[in-house]
Amino acid sequence: MCSTESCGSRRYKKRGDRFMDCDLQDGYRAGQEGKIEMKQSRHQKIAELVSSYDIETQEELAARLKEAGFTVTQATVSRDIRQMKLSKVSTGDGKQKYTILSQEGSLHPDKYIRVMRDGFVSVDMAQNILVMRTVSGMAMAVAAAVDAMEFPEVVGCIAGDDTIMMAVRSVEETKILMGKIRELVQR
């Protein structure tokens with residue numbers, strides 16, 4: 001049960017057997033709102049940067065953010081990449097760059113197919129597990145494309161550097177999925 005009491009110019013809210021300074025609580029909330037606004041602003045800048053430049057590494061992204069006036073750590077950049085669902089795609093000259101793979105309504109399935117084609121090396125199955133080999137460093141992007149394509153047979157994906165393991169509902173569905181993937185990358 002909460003109740004508010006005053007002591008001079010300070011307001012306190014009782015929570016159980018403890019009192020909390022309402023001004024500090026309001027400051028905490030304002031601080032949280034500021035962090036959310038900063039994060040949104042940083043995410044907008046990251047989207048702008050990956051659209052404008054071929055950014056290959058987290059370090060390069062962090063450096064560009066710092067040039068733009070953001071104070072970031074490697075952990076912050078890594079978390080932002082994960083939250084924004086950035087993936088690496090091939091630039092065509094043997095290099096890779098970050099791109100926003102799955103922002104609602106912004107990309108068509110053709111984009112996912114292109115990512116799969118760019119990264120695909122081979123596919124094989126072991127019972128109800130489909131194992132896809134990719135170009136080194138492309139497994140995360142290809143797995144994100146597979147997830148975005150929402151194959152009904154896929155329960156989930158795990159990606160490493162050059163290998164994706166997909167859990168599939170049954171052996172029969174694994175064969176069906178393997179056929180679908182081969183068809184998509186051979187178009």
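Which residues are exposed on the other side of α6? In the predicted model, helix α6 comprises 16 residues, spanning residues 171–186, and extends 23 Å from its first C-alpha to its last, which is close to the 22 Å expected at 1.5 Å a residue. The residues T174, L177, M178, I181, L184 and V185 of this helix are buried. They lie on the same side of α6, because the arc that they cover around the axis is only 130 degrees. On the other side of the helix, the exposed residues are E172, K175, E183 and Q186.

The buried residues of α6 pack against both helices and strands, namely α4 (109–119), β6 (120–126), β7 (129–134), α5 (139–149), β8 (154–159) and β9 (163–168). Within helix α6, T174 has a relative accessible area of 0% and is therefore buried. When residues up to four places away in sequence are not counted, T174 touches M125, Q127, N128, I129, L130 and V168.

The largest pocket of the model holds about 550 Å³ of space. Its lining is formed by 23 residues, of which K85, L86, S87, M140 and A144 are the closest to the centre of the pocket. Two or more lining residues are given by each of α3 (74–83), β4 (86–90), α5 and β8, and α5 gives the most, with six residues. By residue class, the lining of the largest pocket divides into 13 nonpolar, five polar and five charged residues.

How values were computed. Residues are numbered from 1 along each chain as its sequence is written. This is a predicted model: local features need pLDDT of at least 70, side-chain atom pairs count only at pLDDT 80 or more; totals for chains, interfaces and linings use all residues. Side-chain values use heavy atoms; hydrogens and water are left out. Helices (H or I, at least four residues) and strands (E, at least two) are DSSP runs, numbered from the N terminus. The expected span of a helix is 1.5 Å times one less than its number of residues. Buried means under 20% relative accessible area, exposed over 50%, partly exposed in between (1.4 Å probe, protein chains only). The arc is that of the directions from the helix axis to the C-beta atoms. Contact means heavy atoms within 4.5 Å. On a 1 Å grid over the protein atoms alone, a cavity is a set of points where a 1.4 Å probe fits but cannot get out, and a pocket is an open set with protein on both sides within 12 Å along at least five of seven lines; lining residues have an atom within 4 Å of a point. Grid points are joined across faces, edges and corners, and a volume is the space filled by probe spheres set on the points. Ala, Val, Leu, Ile, Met, Phe, Trp, Tyr, Cys and Pro count as nonpolar, Asp, Glu, Lys and Arg as charged, and the others, Gly among them, as polar.
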